[in-house]
Amino acid sequence: MKVHPSALAGAIGLSVGGTLLIREPSTLLLGLLVIGLPLLIWRRKVIAYLKLGLLAIGPVLLGLLLVWGVIVGAPPGAPLHSAPQAGVMFALTVATRLALVSALLYAVIATESASEVRQTLRGWGLQGDALAVVIGAIVLFPELAVRGQQVVTARYARGLIGRAHPFDRVRHLPYLLRPLVGWSLRSAIQRSELWQHRSLVSRLSALSDSPPASIVGSIAAMTVGIVWAGIGLFSAIHR
């Protein structure tokens, strides 16, 4: 079900805005379970998001708990060690808010194909050089992940890596940096040459659009965004 770019932008903006207004971890967790999780299930990105949470959001949570719950022992603006429990609640609020925003953005952006991303950006008013720059920035990290996996697979095939281990990529990071940096420089040179001859911009403009957006999907997305923004506004007014 394709959502219109304008409706998608509005839904994301309203949802993120409502999330930033909410200061209760329980409400944010409810939003993660009611909005974020069903969206991830629908997009078939639950496992990938759990990996993201384990590698990124989990360490952030531990760091926030250590700083505000133990070292500072208070939320921002309060005297040191005056309210450790409030410091813990602040850390949980920030981490839960980060988890919900990342779930919304990840489920929407990470599941769109290249043509859908291009159509969405064009729907937001990006054209020509600006469109090429943004698309180049979006596809950079997925391409780096693919290249990194190719290097790891090649090292496994040559017997340079033993049994699979969660810390293999960290241990072999020096061997990944050289080919990834080299590929990035080569890719940048190729894109700059295409850009110089206007081939990249013309190719992006010549690509056909994806199927038209669904009115039902667009209305549903906007409805969810409006409701969640309303909850955030209500929470901000009555806190």
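**Notes on the predicted model**

1. Ile 41 is exposed, at a relative accessible area of 51%; the cut-off for that class is over 50%. The residue sits in helix α2, which covers residues 25-43. Ile 41 also belongs to a nonpolar surface patch, together with Leu 29, Leu 30, Leu 33, Val 34 and Leu 37. Taken together, the residues of this patch have about 540 Å² of accessible area.

2. Across the protein chain the mean pLDDT is 78, with 71% of the residues at 70 or more. Which helices mark the two ends of the confidence range? The highest mean, 89, belongs to helix α3 (residues 46-71). Helix α9 (residues 199-206) has the lowest, with a mean of 54. Where pLDDT is low, predicted coordinates should not be read in detail.

3. On the overall make-up: the protein chain contains 10 helices and zero strands. Read from the N terminus, the order of elements is α-α-α-α-α-α-α-α-α-α. The chain has 239 residues, of which 31% are buried. Its exposed surface comes to about 14600 Å², and carbon and sulfur atoms supply 71% of that area. Among the contacts with a separation of 6 or more, 72% are between residues 24 or more positions apart.

4. The structure has one aromatic pair. How are its two rings, those of Trp 68 and Phe 90, arranged? The ring centres of Trp 68 and Phe 90 are 5.2 Å apart and the planes stand at 80°, so the pair counts as edge-to-face. The cut-off for that label is over 60 degrees between the planes. The pair links distant parts of the chain, since Trp 68 is in helix α3 and Phe 90 is in helix α4, 22 residues apart. Phe 90 is partly exposed, with 25% relative accessibility.

5. The loop between α3 and α4 deserves a separate point. Pro 75 is placed in this loop. With residues up to four places away in sequence left out, Pro 75 touches Trp 68, Ala 83, Ala 86, Gly 87 and Phe 90. Both members of the aromatic pair, Trp 68 and Phe 90, are thus on the contact list of Pro 75. His 81 is not a glycine, yet its phi is positive, at about 60°.

6. From Leu 52 to Ala 99 the C-alpha distance is 9.5 Å, for a separation of 47 residues along the chain. From Gly 58 to Ala 99 the C-alpha distance is 9.4 Å, for a separation of 41 residues. Is Leu 52 buried, partly exposed or exposed? Leu 52 is partly exposed, at a relative accessible area of 29%, and Gly 58 is partly exposed at 26%. The class runs between under 20%, which is buried, and over 50%, which is exposed. Beyond its neighbours within four places in sequence, Leu 52 is in contact with Ile 57 and Tyr 106.

7. Thr 93 lies in helix α4, which spans residues 84-109. Its relative accessibility is 7%, and Thr 93 therefore counts as buried. Which residues does Thr 93 contact, leaving aside its neighbours within four places in sequence? They are Ile 22, Arg 23, Pro 25 and Leu 28.

8. The last point concerns helix α8, residues 173-196, where Val 181 is found. Val 181 counts as partly exposed, at 47% relative accessibility. Val 181 and Leu 144 are 37 residues apart in sequence. In space, their C-alpha atoms are 9.3 Å apart.

Methods:
Residues numbered from 1 in each chain as written. Predicted model: local features only at pLDDT ≥ 70, side-chain atom pairs only at ≥ 80, totals over all residues. Heavy atoms only, no water. Patch = residues over 30% accessible without salt bridge, like charges linked within 9 Å, V, L, I, M, F, W, Y side chains within 5 Å. Areas by Shrake-Rupley, 256 points an atom, 1.4 Å probe, with all protein chains shown as cover. Salt bridge = Lys/Arg side-chain N within 4 Å of Asp/Glu carboxyl O. Helix = DSSP H or I, 4+ residues; strand = E, 2+ residues; numbered from the N terminus. Buried < 20%, exposed > 50% of the residue type's maximum accessible area, 1.4 Å probe, protein only. pLDDT = per-residue confidence, 0-100. Contact = heavy atoms within 4.5 Å. Phe/Tyr/Trp six-rings, centres within 6.5 Å; stacked < 30°, edge-to-face > 60°.
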